[in-house]
Amino acid sequence: MPPKVADLPMPELLDTLRLTFGYDAFRPLQREIIETHLAGRDVFALLPTGGGKSLCFQLPALLRPGGLTVVVSPLIALMKDQVDQLQAAGVAATFLNSSLTAKESRSRLAGLHRGEWRLLYVAPERLMLDNWQENLKAWNVAALAIDEAHCVSEWGHDFRPEYRQLARLRALLPEVPFMALTATATTRVRTDIIKHLALREPEVFIASFNRPNLTYRVQPKDGPLKQIIEFVRKREDESGIIYCATRATADRTAEALAGRGYAARPYHAGLAAEERARHQELFLRDEVKIICATIAFGMGINKPNVRWVVHYDLPKNIEGYYQETGRAGRDGLPGDCLLLFNAGDAAKQSHFIDEITDAHEQQVARTQLRQMMHYAESAGCRRGELLGYFGEAFPLDNCGACDNCLEPRETYDGTLLAQKFLSCVYRIRQASRFGCGVNHVIEVLTGADTERIRRWAHDRLSTYGIGREMSRPQWAAVARELMRLGFLAQSDGEYPVLELTAEGIDILRTRAPVTLTKPLMLPKVRRIAPRPGEIACDEILFDRLRTLRKRLADERSVPAYVIFGDATLRQLAREYPVREADMTGIFGMGQKKQAEFGPVFAAEIAAYLTDNSRQTFND
């Protein structure tokens, strides 16, 4: 049985944080989570992508005087990635999964029986094998951490049935504290996680969903390949992900970029497993800068220097969109998130939703799509919209890092248009005793000659043809904004109909002024500075240090960020340390890394300064 940490002398948390991981301070809630876990309590932790979930179980594993911390992880690539980074920092960590040969597995199992490892990463299905029960008892397990814990919930965005079996470990390891961690979870999913993992009166920690270093933009889709090429041209040396709705679009986009000389590859379930794995590895190693992917790509990818994420198509829901944009800027440096929006994309999504056989699932999908449309077309703060979805209020009126806050959209007097649309909905209901969908209302407004209009005598309504001055897409945009403003409501179900809300009836009756927002326009070229998370540095030296980092990483067959992250290199290129001793306190520079890599980076900086002068930077 593992010793109780509360009874043991506790080393200083900050010393371990600084000496092993090279960080001077904890991120929000990390310290509280770690202290609660070390006291033997179960913990549920919801931290956003890039919020430092891994440290919450890695650091306690080093502070305990003995015992093994078992980390449940759903992805082979993520296990290897985290173990590589831990070993580079001098931590005794290993993993067991199907990628190992029988000889490698036997060697690691023997090491576990000898107590050589502090952390073991393992997949849930392997952990539940019968012969592992004796192993877990023999290995003196001190803690169990369940990463990507939303996989236990059918309401999460990546349900894995094997996660449900993990609750059986509670009976096998009754004294061992459990920690469940996830980056995105609604209230329903949080409840599911606590229930299905059998957490015992857990301490619940929920961090802010705000990612201040990310800038969110939505642009009207107008020649998307051309728009993406223009976007990438300004970011040639940066890594990014382009999310596409279909495999064909991912292939076509990757081919178009590669044809123009960009290092781009597709990633989707239609590729052979070996090809997918190769493309992912090339991306992690910075051999490939751009991945064009379906949503199959990204969960658990621990690449901190993804600088941008583009959505070629409208995502299905806000939770997925938040998760995918969150893969940019994990290192805290600035990240750009661009969504290309066309109302026609929603029609494509609706077609897929029509094919869902379960009525409840179909209704949920329609509601989520409407929420996504609302986000894309909203004139309000993007950050406020995202946080509001997760039940968090953003305290500012202007976030300073989204298109609507940086370049507010123009508004206009939409009173007449609102009166026309609302009165048309009212007249249809009054004459027919039933409501109609958006498209039919627009057909009545624009004076269309359809079989349904003739059959229902809607061509005799006073509102028939009073909106001929606008096109149908323009009226559709007005309708969606009237819904966002709360003047119209749309029913659920396969054939949603429009209804006037109490506020809409009041507007119709009083003819109160209505202000509408002009549709999304293509942006004006404009540079915003400084950006949240930005570290000004000598860009030429930064590029030289990146080249050096790549060479060191290739020699060791690990991704470049295992050596140092971009934030570390930017600080080196800002402060110009020419001796290893001068590097103490540099972000991400733990003791082992400073000893191993400090001299070679100091020599590179010194060589650079023989031909170049130092630059100075304002805080």
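**Figure 1. The whole chain, seen through its contacts and overall build.** Of the contacts in the chain with a separation of 6 or more, 74% are between residues 24 or more positions apart; contact here means heavy atoms within 4.5 Å. This is a predicted model, so local features need pLDDT of at least 70 and side-chain atom pairs count only at pLDDT 80 or more, while totals for chains, interfaces and linings use all residues. Residues are numbered from 1 along each chain as its sequence is written, and side-chain values use heavy atoms, with hydrogens and water left out. The chain has 26 helices and 17 strands, which are DSSP runs numbered from the N terminus (helices: H or I, at least four residues; strands: E, at least two). With a radius of gyration of 27 Å, close to the 25 Å that the globule rule gives for 619 residues, the chain is as compact as a globular protein of that length. That radius is taken over C-alpha atoms, and the rule is 2.2 Å times the number of residues to the power 0.38. Along its principal axes, the C-alpha trace spans about 85 × 65 × 45 Å.

Figure 2. Buried residues make up 53% of the 619 in the chain. Buried means under 20% relative accessible area, exposed over 50%, and partly exposed in between (1.4 Å probe, protein chains only). The accessible surface of the chain comes to about 27700 Å², and 51% of that belongs to carbon and sulfur atoms; the areas come from the Shrake-Rupley method with a 1.4 Å probe, and for residues only the protein chains shown count as cover.

**Figure 3. Helix H1 and its buried face.** H1 runs over residues 13-21, and its buried residues are Leu13, Thr16, Leu17, Thr20 and Phe21. Looking down the axis of H1, these buried residues fall within an arc of 100°, so they line one face of the helix; the arc is that of the directions from the helix axis to the C-beta atoms. As a reminder, an α-helix has 3.6 residues a turn, so residues three or four places apart point the same way. The cover over the buried residues of H1 includes helix H2 (30-38), helix H3 (55-63) and helix H4 (76-88). Just after H1, Gly22 takes a positive phi of about 80°.

**Figure 4. Two non-glycine residues with positive phi.** Leu29 sits in the loop between H1 and H2. Though not a glycine, Leu29 has a positive phi of about 75°, and its relative accessible area of 22% makes it partly exposed. Ala457 is in the loop between helix H20 (451-455) and helix H21 (472-484). Ala457 isn't a glycine either, yet has a positive phi of about 60°; at 25% relative accessible area, Ala457 is partly exposed.

**Figure 5. Phe95 in strand S3.** Phe95 belongs to strand S3, residues 93-96, and is buried at 7% relative accessible area. Setting aside neighbours within four places in sequence, Phe95 is in contact with Met79, Lys80, Val83, Leu100, Arg108, Leu120 and Tyr121. Val83 is 12 residues away along the chain, with 7.1 Å between the C-alpha atoms of the pair.

**Figure 6. Thr294, a buried loop residue.** Thr294 lies in the loop between strand S11 (290-293) and strand S12 (306-311), and counts as buried with 11% relative accessibility. Neighbours within four places in sequence aside, Thr294 is in contact with Tyr243, Cys244, Thr246, Arg247, Tyr267 and His268.
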